[in-house]
Structures are given as structure tokens and as C-alpha cells.
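Here is a short briefing on one protein chain.

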Amino acid sequence: MKIKRILGAATGMVLGLATDLAHAAYELNLQTPETPIAGQIYHLHTLIMYVVLAIFVVVFGAMFYSIYAHRKSRGHQAAHFHENTTVEVIWTIIPFFILIGMAFPATKTVLAMKDTSSPDMTVKVTGFQWKWEYDYLQEGIHFFSNLSTPRDQIDNKVAKDAHYLLEVDHPLVVPTGKKIRMLVTADDVIHSWSVPAFGVKQDAIPGFIRDTWFKVEKPGIYRGQCSELCGKDHGFMPVVVEAKTPEDYAKWLADEKAKMAAVVEDPNKVYTLDEMKSKGEKVFTSHCAACHQASGMGIPGAFPALNGSKIATGDKAAHIDRVMNGKPGTAMAAFAAQLSDTEIAAVITYERNAWSNHTGDVIQPSEIKALRK
């Protein structure tokens, strides 16, 4: 019985290992290309891998054959090729043609990747710690894209879904069959906008604008991540692109414009405490909770708590200044350019009246508007 159990366990381990290896084999190659450029990259990668494999087989085959057939025990005498012109010409010319054969398609692909001329539409993307901002320059649409994976999944309190850390509250939406030019920059540190299935990976550098492009052939949802180490929540900064047919994209565009028109707020409107707390909680969840946590307790050693803090319960003007202008030298970003007057007033009101903070202060949008002048 003991032997049977051992054999059973060994068989299970072998089958499990085989299954894992088979599963891993599907993860060794590049993602399925979904754009013409990604297709070129995929085929270039395959071509070069075949060339590398052929060189490996020829070189190691010749080496092992020589070791076996010309070994000392057979009495073989080593040949001498020193200053042999024929040999030197052969081992110079063959690598030369191999490199030219790889460089030609590689150069052609790189030139195609960098050709951002004549786009059908242009979107500016700005990286922040830790979210993306999208501006549709020709349509006047603007929104932020935040990680939407529930906190309970991140904290291992519930099961993780299929798109864990690869889902956002507001994806970039583009039409299929159109050349999309992306202007990429960053507001704080270096990020990188990357969607492997598009063959796109463009660094986002503060103070610089870099561009790239893609053309999606079929509708679908495509996922990527920030691929530059940008801080402690670098892994929580996904990129999601939803490609729609031109007809569906036109409907989405009309809906987005209608939503933007509906939420235009009068900065002179006076709100009650409850109204501002309600608005502020939504802003805090989207823009602040990643660092300060929904509980307001922050992350010890990294991000300060707002619950009971001097900033959130002390001088109101100092609190407004910190939210609008950030704190240089720290991860606290300046939100003056990211949020509207109402959003800034609401989130400050929320922070001063949430958790154990009960200042009773209500910040009105008109106060923020006055400070912008």
C-alpha cells in the first residue's frame, strides 16, 4: 500500500509538472498581435529566433562533432588555421550577411513604429501616480482612468477575478480601422504606456511629449500596464483600451459629450455639508484612497494618515494649499490641474469631516475659484 501511495504521489507530481510546463509554454511567446505593427514585431521576433536556433545548431553541432570524431584517444592531430585567409574570410562574411538579414526587417519595423504622420485622431495621455489621464484633443473629451479592482481582492479577502489588476473604471475608447496617434507625457515621475497586443510601449517622461501610434483591426478590449517602475503602486496602474466599430464609437462619443455637458457645475453654487461630503467621498476614492486608504489611515512609513491629522483638522487654508499644490519632494501630487473647483472643494470638505474628523468646515467651489486667480 505504501509503495502504491508513493507511486501515486509521484505520478501526480509528474502530471502536475507536465501540466504546468504545458501551461507555461503558452506564456513564453509574445501576445497575439492585434495591430499591423504588432504583427511585424511578432514575425520579426519569430524570424530572429529561427536564425538564433540555426546558429546554435550549426555551432554546437560542429563543436560536439569535433570533440567526438577528433578526440585525442583516436590519435587525431589538431589542424592549424592560424592566419588562414580562407577561414578568416568565411567567418567574417557569414556573420555579416546574417546581421544584414536581421537588420533589414528590424529597421523596416522600427521606421513603421515611428511613423506617426497623418493620424485619424490624436489622444494625449498623461501618467500620474497612479492613474492615466486621456484628452481627446479633437473632441474635447477628458477623463481619468483608475484601477477598479476591488480593495478586498487586493487584500486577499475575496477571490480574485480573471482581470485582477487589469481593469479600470474608464477605459480609453477608440474606433477600429483608424490610425490613433498617442501623445505621451507624465506629470510626476517616469511612467510607460504599454499595450503588448498593439506592439506599443512608450515612456511617459515629465516635461517631454513623446508620440506613438496604433491601428486596431477588430473590436475588443485590450489590456496592458505601466511598464516603468514608477512607485509603490506601479503594479496598480493598468492600461485598458476598448476598440469599437466606427458606428459604436460615434455613439459612445455622443454619450460622453452628453455626460460632460450634464455635469458642468456652477462654481458659484453654495452646497451643504452633506452634499459636499457625498461628492468628496467619490473624488477621494478615485484620486486619494490609493495612498491614504479608504479608512484614512494611510500606509505607515509611506503615506500619512488623514484621520486625525493636523492637516485635515487644522488650518483650512493650509489644507486647501496642500491639495491644490501638493508637497514638493513627496508623492503628494498637485491636484489644481487635475480636479475642478467643485471636486477640490468637495474632497477637502470630505477629508475634514470623515472618519474621526468633525471640523464642520464646508469648502465652497467659489473659494477654490478665487485662489486660482
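How many aromatic pairs does the count come to? The count comes to 15 aromatic pairs. The model is predicted.

**Aromatic pairs and cluster**

- Take Phe60 and Phe64 as a pair: their ring centres are 6.1 Å apart and the planes stand at 40°. Planes under 30 degrees apart count as stacked and over 60 as edge-to-face. The Phe60 and Phe64 pair is therefore tilted.
- Both Phe60 and Phe64 belong to helix H2, which covers residues 36-69. They are 4 residues apart, about one turn of the helix.
- One aromatic cluster is formed by Tyr134, Tyr136, Phe143, Tyr249 and Trp252.

**Charges over rings**

- Lys179 places its charged end over the ring of Trp213. The distance to the ring centre is 4.6 Å.
- Over the face of Trp130 lies Lys232. Here the distance to the ring centre is 5.8 Å.

**Helix packing**

- Helix H9 spans residues 316-325, and it packs with H10 at an angle of about 125°. Their axes are 10 Å apart. That angle makes H9 oblique to H10.
- H9 and H10 meet in a right-handed crossing.
- Helix H10 (residues 341-353) also packs with helix H11 (residues 365-372). The angle is about 120°, and the axes lie 8 Å apart.
- Why are H10 and H11 oblique to each other? Angles of 65 to 115 degrees count as roughly perpendicular and those over 145 as roughly antiparallel.
- The crossing in which H10 passes H11 is right-handed.

**Annotated domains**

- An unreviewed UniProt entry lists "domain: Cytochrome oxidase subunit II copper A binding" for residues 118-255.
- Residues 275-355 are 54% helix and 0% strand. The C-alpha atoms at the ends of this span lie 17 Å apart.

Methods: Residues numbered from 1 in each chain as written. Predicted model: local features only at pLDDT ≥ 70, side-chain atom pairs only at ≥ 80, totals over all residues. Heavy atoms only, no water. Helix = DSSP H or I, 4+ residues; strand = E, 2+ residues; numbered from the N terminus. Phe/Tyr/Trp six-rings, centres within 6.5 Å; stacked < 30°, edge-to-face > 60°. Lys NZ or Arg CZ within 6 Å of the ring centre and 35° of its normal. Axes fitted to C-alpha atoms, helices over the stretch in contact; angles between N-to-C directions. Left-handed = near helix turned anticlockwise from the far one by under 90°. Parallel < 35°, antiparallel > 145°, perpendicular 65-115°, else oblique. UniProt positions renumbered as here; feature names shortened; annotations may be inferred.
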